[in-house]
Structure formats: C-alpha cells, structure tokens
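Work through the exercises below with the model in view. Try each task before reading its solution.

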Amino acid sequence: MNCPDRDLLSAYVDGELSPSEARELEGHLGACGRCRSKVKTFRALKAAVSAAAPAPAMPDDLKRTLRGMAARRGEPAWKRSLSELAFGWKSPAAAAAFSLAAVLAVVWAVRRPAPEREELPVEMLLAAHSEYAKTLPLAAGVGDEGWEEDGDVR
Ligand SMILES: [Zn+2]
C-alpha cells in the first residue's frame, strides 16, 4: 500500500473506514512512521477541537421567553416538565442529545401521514424569535428608524 492521503487518514481517525479498510491502513501504519505520526497529529487535533468548542448554551432570556410562552399556551404539564428538564441540563452533551431528539421528533412529525397531523405552532416560533430578536443589540435601532410593524419604510 502506498502512503494514504490526508482524507483517508482523517477518516480513519474519525472511525469512518470499513473494518477491512481500517485493517489495511493499520497494516501500513505498522510499517510507516510518517503516516503513524500524521495519525497522531490528527488525533491530537481532533481532541483539541472537541475540547475548545463546547456546545453553545441557550441564552437565559430566550429560555425565559420560551418558558413563558409555553405556560401562556396552557400546555400539558408533561410537556412543560420535559422542556424544563431539557433547559435545566448543565451538560452540553445531554443538551445536544435532547436537541437532536427534538429535531428528530419534528422530522418525524412532519413526515407523518397528513390526516392526523397537528399544525406546527409556526406563530409561536415566529413570536419567540421576534421577542428574542428585540433583546439583541442590533435590533435596538431598527424599530426606531427603519421599519414599521406592518413592514412600511418611513
Ligand atoms: Zn505511509
């Protein structure tokens, strides 16, 4: 086997090779110090990236807004406690897992057969977004100068 390219070594480090590809590459790594050293560098890089880029936390004001909206809509208690549980998680991994589950749930809901499908609360999402957007620094001047609520420009 000739020296594999970077992409193949990177895929190996990420565990993306098939067992037979990995075995073949490991055979080469046993004989080639240069590629062993590249793999070592990729592993160190991967570890450094994971350590340096933790999942971003949801801002507190957005949490409050969403909780408030959920309470105002009178959602069933199990839904409220589920979202409080999710927002209360301190571990980025747990929060990420919950986010993934939420995304999958939405995908599943959208793909369900139409007749029994509930409407997605689009207004609720838009309202949450615009309430949150008001708290951002850029939004402060926009309402005063450029845009009316109905979309007309002064
Ligand atoms: Zn090599």
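The model is predicted: local features need pLDDT of at least 70, side-chain atom pairs count only at pLDDT 80 or more, and totals for chains, interfaces and linings use all residues. Residues are numbered from 1 along each chain as its sequence is written.

**Exercise 1.** State how many helices and strands the protein chain has, and what share of its residues is buried.

Solution. Helices (H or I, at least four residues) and strands (E, at least two) are DSSP runs, numbered from the N terminus. The protein chain has 8 helices and 0 strands, in the order α-α-α-α-α-α-α-α. Next, a residue is buried if 20 or more other C-beta atoms lie within 10 Å of its own, exposed if 12 or fewer, and partly exposed in between, with C-beta atoms placed from the backbone. Of the 154 residues, 3% count as buried.

**Exercise 2.** Compare the reach of helix H3 with its expected span, and decide whether H3 is covered or in the open.

Solution. The expected span is 1.5 Å times one less than the number of residues. H3 (residues 33–52) has 20 residues, and from first C-alpha to last it reaches 28 Å, close to the 28 Å expected. The number of buried residues in H3 is 0, so H3 lies largely in the open.

**Exercise 3.** Describe how helix H1 packs on H3.

Solution. Axes are lines fitted to C-alpha atoms, for helices over the stretch in contact, and angles run from 0 to 180 degrees between N-to-C directions. The axes of H1 (residues 6–13) and H3 are 9 Å apart, at an angle of about 55°. That makes H1 oblique to H3, since angles under 35 degrees count as roughly parallel, over 145 as roughly antiparallel, 65 to 115 as roughly perpendicular and the rest as oblique. Residues are in contact if their C-beta atoms, placed from the backbone, lie within 7 Å. On the H1 side, the contact residues are Leu9, Ser10, Tyr12 and Val13; those they meet in H3 include Phe42 and Arg43.

**Exercise 4.** Locate Met58 and say how exposed it is.

Solution. Met58 lies in the loop between H3 and helix H4 (60–72). Met58 has 13 other C-beta atoms within 10 Å, so it is partly exposed. Between Met58 and Ala95 there are 37 residues in sequence and 9.6 Å in space, C-alpha to C-alpha.

Methods
Two residues are in contact if their C-beta atoms, placed from the backbone, lie within 7 Å.
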